[in-house]
Amino acid sequence: MDECPCGSAQPLAACCGPYIDGRAPAPTAEATMRSRYSAHVLGNADYLAATLSAEQRADYDKAEVEKSFADTKWLGLEIRKTDLGGAADETGTVEFVARYRNGKQATAHHELSFFTREDGRWVFAGCEMNPKAPTVRVEKVGRNAPCPCGSGKKYKKCCGA
């Protein structure tokens, strides 16, 4: 496999490969997320275990994960948002959607992953499945109020017409 499965359009050897092979630690929470996705695609259960927090590793079942590799075809990764998780941070989050096919069933896995540093390395510390977008409150504009588009006209004579 030449291109990295994480969707970076870089060769595996220049992207997630060194992290998965243990030659270098992932420098950011997002790089860890991308390399974990690539490890799923490549069927590397050991790397998945190594990038779990101590608390998450307690529930990790390597045999079950390896069994899932046979039936799963990964179709793509979309990073939606990252917050913190940089070289100088101790925590970070990555929101992503991973698409896969299990048998004939296509699925989108939407997750907000939480990452932290343990012994200087980024590790997966937990997640929120199917995170909801924050509620945005929209103020009602009265007919005689200034138009929110900034035209200087009354709403009823501008965008409300």
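This is a predicted model: local features need pLDDT of at least 70, side-chain atom pairs count only at pLDDT 80 or more; totals for chains, interfaces and linings use all residues.
User: Which geometry describes the ring pair of Tyr 37 and Trp 74?
Analyst: A search of the whole structure finds three aromatic pairs. In the pair of Tyr 37 and Trp 74, the ring centres lie 5.5 Å apart and the planes meet at 80°. Planes over 60 degrees apart count as edge-to-face, so the pair is edge-to-face.

User: How many residues apart are Tyr 37 and Trp 74, and where do they lie?
Analyst: This pair links distant parts of the chain. Tyr 37 belongs to helix H2 (residues 29-42), and Trp 74 belongs to strand S1 (residues 72-84).

User: Is Trp 74 buried, partly exposed or exposed?
Analyst: The relative accessible area of Trp 74 is 21%. Buried requires a value under 20% and exposed a value over 50%. Trp 74 is therefore partly exposed.

User: Which geometry describes the rings of Trp 74 and Tyr 100?
Analyst: The centres of these two rings are 5.0 Å apart, with the planes at 45°. Stacked needs planes under 30 degrees apart and edge-to-face over 60. With an angle of 45°, the pair of Trp 74 and Tyr 100 is therefore tilted.

User: Which strands does the pair of Trp 74 and Tyr 100 link?
Analyst: Tyr 100 is buried, with a relative accessible area of 18%. Trp 74 and Tyr 100 are 26 residues apart, and their pair links distant parts of the chain. Ring pairs also link Tyr 37, Trp 74 and Tyr 100 into a cluster. The strands linked by Trp 74 and Tyr 100 are S1 and S2 (residues 91-102).

User: In which sense do S1 and S2 pair, and over how many bridges?
Analyst: S1 and S2 form a hairpin with six residues between them, and Gly 85 in the turn has a positive phi of about 80°. Ile 79 stands opposite Phe 96 in S2. The pairing is antiparallel, over 11 bridges.

User: Which residue in the turn between S2 and S3 has a positive phi?
Analyst: S2 and strand S3 (residues 105-118) run antiparallel and are joined by 12 bridges. Thr 91 has Thr 116 in S3 as its bridge partner. The two strands form a hairpin with two residues between them, and the residue with a positive phi, about 70°, is Gly 103.

Definitions and conventions. Residues are numbered from 1 along each chain as its sequence is written. Side-chain values use heavy atoms; hydrogens and water are left out. Rings of Phe, Tyr and Trp (its six-membered ring) pair if their centres lie within 6.5 Å; planes under 30 degrees apart count as stacked, over 60 as edge-to-face and the rest as tilted. Helices (H or I, at least four residues) and strands (E, at least two) are DSSP runs, numbered from the N terminus. Buried means under 20% relative accessible area, exposed over 50%, partly exposed in between (1.4 Å probe, protein chains only). Two strands pair if DSSP finds at least two bridges between them.
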